[in-house]
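Subject: A structure to look through, with notes

Dear colleague,

I am passing on a structure that I would like you to read alongside my notes. Please open it first, and then go through the points below with the model in view.

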Amino acid sequence: ADSRAARAARLESLGQLASGVAHDFNNLLAIILNCVEFIAEDTGTEVADDLARIRNAAHQAQELTSQLLLFAKREPTHVEIVDLNTVVTDATDLLSRAIGAGITLRCHTCSKALPVYANRSRLDQILLNLVINARDAMPGGGFVAIATSVVELSEDPAQSLPAGRYAQLTVSDNGTGMSAEVKDRLFEPFFTTKPADQGTGLGLATVYGIVGDAGGAITVDSTLGAGTTFRILLPLSPFVRPEPAPDHRTSSIAAG
Ligand code: ADP
């Protein structure tokens, strides 16, 4: 089996390769789309359907390359202390719209504050990716449950994270589940079991990268025919928002 470090190095080099290809590919797509627009202006309706098809395919390819670039981006993003519960609550509307009809979304946030040091939109991206995967695993409908809690990890050399307090986020579904082979590969970039126009295989690789960057870890529990639970741990920030400092100047003026 792969060592964790070897796997990380392979993901890193794949990421670099991917972003190089995506960048050049994007430029070519822009040329294709420009030409389509010119042709559409100059010709009659007899080729309109074909042009629409070309345009749709090119837009789909652009969507793919932008996901690639997002995945491969290693530049530092703006991080701040955010409350994971607030992130989940604020995302609920968007997530239920992404899920569509036939699937019920349940969110259970714990009563404690969960300050984590992270980029907010990347946390949104994690939720969206996991929820869309859950939806795709339930063609006949079902339930998606999002839950948060606090967990305390004790010293354990077998675990990938240091001892301490963590915010836990779980996303569970009662969908198809996955085989051991899929479970083994699902964080690999470009690994997908979906048809080419539905899956890029970059969703979970992106999630994996975001969680790792935030000093956390992601694990998966899955049973074929029963469902899947993704579990993410993010270090609880020891920092709290600073209390507004007492305004010494005002009080000294008042005193004087
Ligand atoms: P994509 O969604 O584009 O296929 P991902 O990296 O998000 O790429 O997922 C990789 C694969 O992992 C999926 O194609 C699917 O086989 C499997 N998978 C991910 N989430 C689930 C889930 N909740 N239930 C079953 N299989 C899943």
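This is a predicted model: local features need pLDDT of at least 70, side-chain atom pairs count only at pLDDT 80 or more; totals for chains, interfaces and linings use all residues.

Residues are numbered from 1 along each chain as its sequence is written.

The overall picture

The protein has seven helices and seven strands, where helices (H or I, at least four residues) and strands (E, at least two) are DSSP runs numbered from the N terminus. Read from the N terminus, the elements follow the order α-α-β-α-β-β-α-β-β-α-α-β-β-α. Of the 256 residues in the protein, 24% are buried; a residue is called buried if 20 or more other C-beta atoms lie within 10 Å of its own, exposed if 12 or fewer, and partly exposed in between, with C-beta atoms placed from the backbone. Among contacts in the protein with a separation of 6 or more, 74% join residues 24 or more positions apart, and two residues are in contact if their C-beta atoms, placed from the backbone, lie within 7 Å.

Helix H4 and its two partners

How far apart are the end C-alpha atoms of H4? They are 25 Å apart, which agrees with the 24 Å that its 17 residues should span at 1.5 Å a residue, since the expected span of a helix is 1.5 Å times one less than its number of residues. The buried residues of H4 include Leu123, Leu127, Val131 and Ala134.

Helix H3 (residues 84–99) packs against helix H4 (residues 120–136) at an angle of about 35°, and their axes are 10 Å apart. Here axes are lines fitted to C-alpha atoms, for helices over the stretch in contact, and angles run from 0 to 180 degrees between N-to-C directions. In this contact, Val87, Val88, Ala91, Leu95, Ala98 and Ile99 of H3 meet residues of H4 that include Leu123, Leu127 and Val131. By class, the contact of H3 with H4 has eleven nonpolar, no polar and three charged residues, where Ala, Val, Leu, Ile, Met, Phe, Trp, Tyr, Cys and Pro count as nonpolar, Asp, Glu, Lys and Arg as charged, and the others, Gly among them, as polar.

H4 also packs with H6, at an angle of about 145° and with the axes 10 Å apart. Arg122, Gln125, Ile126, Asn129, Leu130 and Asn133 in H4 meet Gly203, Leu204, Thr206, Val207 and Ile210 in H6. This contact of H4 with H6 has five nonpolar, five polar and one charged residues. Nine of the eleven residues of H6 are buried, so H6 is largely enclosed by the rest of the structure. After H6 comes Gly215, whose phi is positive, near 80°.

The ligand

Which residues are closest to the ligand? They are Asn133, Ala137, Thr192, Gly199 and Gly203, out of 23 residues that surround the ligand, a residue being near a molecule if its C-beta atom, placed from the backbone, lies within 6 Å of it. H4 and helix H6 (203–213) each supply at least two residues of this shell, and the shell divides into nine nonpolar, twelve polar and two charged residues.

Phe190 lies in the loop between helix H5 (180–185) and H6, and Phe190 has a positive phi of about 75° although it is not a glycine. Most residues other than glycine have a negative phi. Phe190 is partly exposed, because 14 other C-beta atoms lie within 10 Å.

Ser172 is found in strand E5 (residues 164–173), and counts as partly exposed because 19 other C-beta atoms lie within 10 Å. Leaving aside its neighbours within four places in sequence, Ser172 is in contact with Ala145, Gly227, Thr228 and Thr229. Ser172 and Ala134 are 38 residues apart in sequence, while their C-alpha atoms are 7.5 Å apart in space.

Ala61, in helix H2 (residues 48–72), is 136 residues from Asp197 along the chain, and their C-alpha atoms are separated by 9.5 Å.
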